[in-house]
Structures are given as structure tokens and as C-alpha cells.
Amino acid sequence: MCVELGEEISVEVNTRVRALEFLIQQKGLTGVVETVPAYSSLLVCYDPRAVGYEPLCAAIAELVPQATTAVLPPPRIVELPCCYEDPELGFDLEAAAQRLSLPAGELARLHSGAEYLVYFIGFTPGLPYMTGMPERIHIPRLETPRTKTPPGSVSIGGTQCCVYSVESPGGFWVLGRTPVRLYDPDAAEPVLLRPGDRVRFNRIDRAEYDRILARVEARAYTPVVA
């Protein structure tokens with residue numbers, strides 16, 4: 001079943017979605033096997049052999065009024081190193097800066113100076129849809145999406161920011177790249193970020209990017225999560 005909590009994309013509505021998911025998990029509602037949050041809705045997968053549709057609807061309806069910020073635990077703060085200035089990694093930085101009438105360095109500064117909220121994970125495994133981008137760098141998506149975007153690409157489009165978790169098509173402007181893996185199927189926790197996380201980007205140069213990447217590939221690097 002899909003529980004709709006609003007019609008707009010906003011932090012307030014998304015917070016209610018995440019709070020409802022948290023309550024369902026905490027209550028251990030009978031028959032629920034998985035929950036998948038989106039901008040303003042929550043997909044609830046259940047086993048019909050364990051619970052009927054109507055009883056589950058009634059149980060969830062009782063939780064909806066309680067779904068507020070107050071029930072959520074403190075958010076995690078995740079720091080992701082990001083190299084902006086190298087044109088091989090941030091290959092859209094200059095073009096995006098021109099589109100926004102900004103120096104490239106100022107665009108990187110504004111982007112890295114913000115704190116982002118993960119609305120949800122989707123599109124590809126581990127890819128976060130994030131809000132929190134300064135209004136000055138809101139930018140229309142690419143008119144023609146590219147067919148391949150490298151994993152780790154830190155990108156912006158519209159009012160949102162995302163980090164491509166695997167190689168995939170994409171229509172966001174790539175400002176830089178993080179050496180951290182957002183999706184690693186061989187890890188104990190394959191997906192790094194979670195809905196509700198706060199993400200900060202730390203600017204690094206290409207030499208530091210290469211050093212961290214070598215540690216990531218050797219499985220000797222742990223992202224900063226507070």
C-alpha cells in the first residue's frame with residue numbers, strides 16, 4: 001500500500017513521511033516486511049497472509065497523527081570529501097558557473113558551504129535526493145541528459161543536489177566528484193546514506209582525492225559519520 005501524506009515536495013511533508021516510517025518500524029506492525037519512503041509518500045509492503053489490508057490501514061491511520069519531528073532520533077551528519085576544481089572530475093563546473101553568472105570557485109564555495117538533507121534514496125541503488133541547495137545556485141537540468149555519469153559525481157539540477165552512486169544516465173550538472181562509495185554491494189551496509197541524513201561536502205584537491213580513492217579501493221577508508 002502507498003500512504004500519501006501530502007502533494008508537495010517540502011521538508012515538512014518529507015519529515016512526516018520519515019517519522020511515520022520510524023513509528024511503523026518501532027511498533028513492529030504485524031505483517032509489514034518493508035517500507036520505502038519518497039518525497040511525500042511511504043510505500044508499505046506487507047504479507048497478506050499475516051495481516052489484512054483493512055486492519056493494516058487502521059493500524060497505520062492511528063500512527064499518522066503521531067508522525068512529527070518529535071518522534072525522530074537526531075539525524076546523522078555525514079561528511080563527503082569532494083574534488084571540484086579538477087576538470088576531469090567536475091566536468092560541468094565551468095559551464096554551470098557560466099550559466100549562473102558566477103566564478104567557478106564561487107559556485108564550488110556556495111555548494112560546499114551548504115548542509116543537505118537526504119529526502120530519500122532512489123533512481124539507482126544508493127543515490128540520494130537532497131535538498132538544502134542555496135537558492136543562488138538553483139539551475140535548470142541539462143536540456144539533453146548524458147548517457148553516462150560516473151559514480152561519485154556530485155551534481156545539481158533544479159533545486160536539488162544528488163550524488164550518482166553507480167554509472168548511469170543523468171541530467172544534473174556535475175560539479176565535482178567524491179571518492180567515497182555511496183553504494184557497495186560487498187559492504188556490510190551496501191548503501192551509505194539514509195533518508196534524514198545531513199550531508200556536508202568537504203572540498204579537497206586532486207591529490208587528496210587520489211589518496212582517499214586508493215584507501216577506499218583498499219577498504220581502508222571510513223567516511224566521517226556523526
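The legends below describe several close-up views of a predicted model.

Residues are numbered from 1 along each chain as its sequence is written. Because the model is predicted, local features need pLDDT of at least 70 and side-chain atom pairs count only at pLDDT 80 or more, while totals for chains, interfaces and linings use all residues, and side-chain values use heavy atoms, with hydrogens and water left out.

**View 1. Helices α3 and α4 and the contact between them.**
Two packed helices are described by the angle between their axes and the distance between the axes. Helices α3 and α4 pack at an angle of about 95 degrees, with their axes 8 Å apart, which makes α3 roughly perpendicular to α4. Here helices (H or I, at least four residues) and strands (E, at least two) are DSSP runs, numbered from the N terminus. Axes are lines fitted to C-alpha atoms, for helices over the stretch in contact, and angles run from 0 to 180 degrees between N-to-C directions; those under 35 degrees count as roughly parallel, over 145 as roughly antiparallel, 65 to 115 as roughly perpendicular and the rest as oblique. On the α3 side the contact is made by L93, E94, A96, A97 and L100, which meet A104, L107 and A108 of α4, contact meaning heavy atoms within 4.5 Å. By class, the contact of α3 with α4 has seven nonpolar, no polar and one charged residues, where Ala, Val, Leu, Ile, Met, Phe, Trp, Tyr, Cys and Pro count as nonpolar, Asp, Glu, Lys and Arg as charged, and the others, Gly among them, as polar.

The buried residues in α4 are A104, L107, A108, L110, H111 and S112; buried means under 20% relative accessible area, exposed over 50%, and partly exposed in between (1.4 Å probe, protein chains only). Their cover includes α3, β5, β8 (153-157), β9 (160-163), β11 (173-177) and β12 (198-204). In the loop between α3 (93-100) and α4 (104-112) sits S101, a residue other than glycine whose phi is positive, near 60 degrees. S101 counts as exposed because its relative accessibility is 60%.

Y209 is located in helix α5 and counts as buried, because its relative accessibility is 6%. Not counting residues up to four places away in sequence, Y209 touches C83, L89, R177, T178, P179 and I204. From Y209 to P179 the distance is 6.3 Å, C-alpha to C-alpha, although they are 30 residues apart in sequence. I204, in strand β12, is likewise buried, with a relative accessible area of 14%. Leaving aside neighbours within four places in sequence, the contacts of I204 are P81, C82, C83, Y84, E85, P179, Y209 and I212.

T149 belongs to strand β7 (residues 146-149), and a relative accessibility of 0% is why T149 counts as buried. Residues up to four places away in sequence aside, T149 touches Y164, V166, E167, S168, P169, G170 and V174.

L56 is part of helix α2 (residues 53-63) and counts as buried, because its relative accessibility is 2%. With residues up to four places away in sequence not counted, L56 touches M1, L29, T30, V32, V44, Y46 and V51. Between the C-alpha atoms of L56 and L107, which are 51 residues apart along the chain, the separation is 48 Å.

**View 2. The largest pocket and its lining.**
The largest pocket holds about 660 Å³ of space. Of the 23 residues that line this pocket, R18, L72, R194, P195 and G196 are the closest to its centre. On a 1 Å grid over the protein atoms alone, a cavity is a set of points where a 1.4 Å probe fits but cannot get out, whereas a pocket is an open set with protein on both sides within 12 Å along at least five of seven lines, and lining residues have an atom within 4 Å of a point. Grid points are joined across faces, edges and corners, and a volume is the space filled by probe spheres set on the points. Helix α1 gives the most to the lining of the largest pocket, with six residues.
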